[in-house]
Amino acid sequence: MLKIFPFIIGFKNFKSGSANSLSSFISLLAILGLTLGVALLILVMSIMNGFESEMESKILGSVPHIQIFKERGVDDLSSITQLIEADHNVRSTMPFSRIDGMLAKNGTSLPIELLGVEAAKSKDFIGSFASLDMLLSIKENSFLLAKGVAKKLSVEVGDMVTLLVPQSRSLGGLQFAPKIISFKVAGIFSTHTSLDQKLVLGPLKKVTEMIGFDRPQGVQIKLDNIFDARETGFRLVKELPPGYRFSDWIQTHGNLYQAIKMSRKMVLLLVFFIIVAAVFNVVSMLMMTVMDKRSCIAILKTLGAKNSDIVLIFLTQGFLIGAIGSLVGAIIGVCGALNAPLIVSKLESFLGISFLNSEVYPIDFLPSKLIWGDIFLVVSVAMALNLTVAIYPALQAAKVKPASELKYW
């Protein structure tokens, strides 16, 4: 039959602390350290989960998963598109033309990437950050500017800007003077990614003419399974006529994705060591408690307590420290994870600075995604570690010999 007195005594020891002020102080440090470690680990995991989620939804949502293109443009666009869309992993397609150029306004110039799109076919590609009405406002001489581009050039909707784009080389290898085109800013959009610093959207036909083609440069593709992009690209190129090539998001943004995953692992490892350090404080505290209560342990043994009962007393005390520290830390971590984006946004507004700028970072805001499974994992690991390190002090307490401790009483 299970005895309950070891658990009661362990609870009383946890509740009352120790007559030794140093032992009580170390006990408080152990709980606070564990609380801080668990809270930080949950907060960091939520932020890194947020970065991974935004990487897939916003960053990869703003760029094509695959681009199929041909040197002089896509022949028979309708049949090529039908062939691509027949693949089981292809969700949607959009013809495009792209050219690099310089945008100028009031003596300020900026390198940009001009993307030609069709409003009717761009929902899955552009619709996440530009409304259909905005896309429909793209006309022959009306383009859309990304927020960062508009800010650097100090332009607003309705302003006129000048675009300079290169022309094709002549047969003699000479470079023609760049084309100069004036157009009206029909709208300003924001992707909240690094694209805000360079992207300009224009009508597909106009951009294709700027390149010197009479047909779209290629086809952008969105996939159902983005991690199967490389295999899907090779499969499509084999099915298409000769001359077609492809690029995928792994080539353009794969390093960023891997960097985020690596950063997540390293940061989590560092924060995990905070928990480990706090857990070792529990060992110090319990060992001091054992030294402080050797006579009490001896008395309990003379009253009939077994070694297993003594072990349970100190395991109970260690478990309670772990449980209280982990649960309080979990509550603080959850509150921090849920409110971190709002807190950072308020701080940015109050201080007048931007902690995350899309000129430097892939996104311009702090994301957070709370996964309850992560919370359960962190709390479980913290409590398990705490209980594990409590075994040694508990075993040492069980070795106390009543005769040696009470012989001078």
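Helix 10 (residues 294-302) and helix 11 (residues 307-351) have axes that come within 10 Å and cross at roughly 140 degrees. This angle makes helix 10 oblique to helix 11, and the crossing is right-handed. The model is predicted.

**Helix 10 and helix 11**
- Two packed helices are described by the angle between their axes and the distance between the axes.
- On the side of helix 10, the contact involves I297, L300 and K301.
- On the side of helix 11, these residues meet N307, I310, I313 and F314.
- The residues of this contact comprise five nonpolar, one polar and one charged.

**Helix 8**
- In helix 8 (residues 229-239), the buried residues are A229, T232, G233 and L236.
- Viewed down the axis of helix 8, these buried residues fall within an arc of 100 degrees, so they line one face of the helix.
- An α-helix has 3.6 residues a turn, so residues three or four places apart point the same way.
- The buried residues of helix 8 pack against strand 1 (66-70), strand 2 (90-105), strand 8 (218-223) and strand 9 (244-248).
- They also pack against helix 3 (77-85) and helix 9 (249-292).

**Residue D248**
- D248 lies in strand 9.
- With a relative accessibility of 2%, D248 counts as buried because the cut-off for that class is under 20%.
- Leaving aside residues up to four places away in sequence, D248 touches H65, I66, A229 and R230.
- S190 is 58 residues from D248 along the chain, and the C-alpha atoms of D248 and S190 are separated by 23 Å.

Note on methods: Residues are numbered from 1 along each chain as its sequence is written. This is a predicted model: local features need pLDDT of at least 70, side-chain atom pairs count only at pLDDT 80 or more; totals for chains, interfaces and linings use all residues. Side-chain values use heavy atoms; hydrogens and water are left out. Buried means under 20% relative accessible area, exposed over 50%, partly exposed in between (1.4 Å probe, protein chains only). Helices (H or I, at least four residues) and strands (E, at least two) are DSSP runs, numbered from the N terminus. The arc is that of the directions from the helix axis to the C-beta atoms. Contact means heavy atoms within 4.5 Å. Axes are lines fitted to C-alpha atoms, for helices over the stretch in contact, and angles run from 0 to 180 degrees between N-to-C directions. Angles under 35 degrees count as roughly parallel, over 145 as roughly antiparallel, 65 to 115 as roughly perpendicular and the rest as oblique. A crossing is left-handed if the near helix is turned anticlockwise from the far one by less than a right angle, and right-handed if clockwise. Ala, Val, Leu, Ile, Met, Phe, Trp, Tyr, Cys and Pro count as nonpolar, Asp, Glu, Lys and Arg as charged, and the others, Gly among them, as polar.
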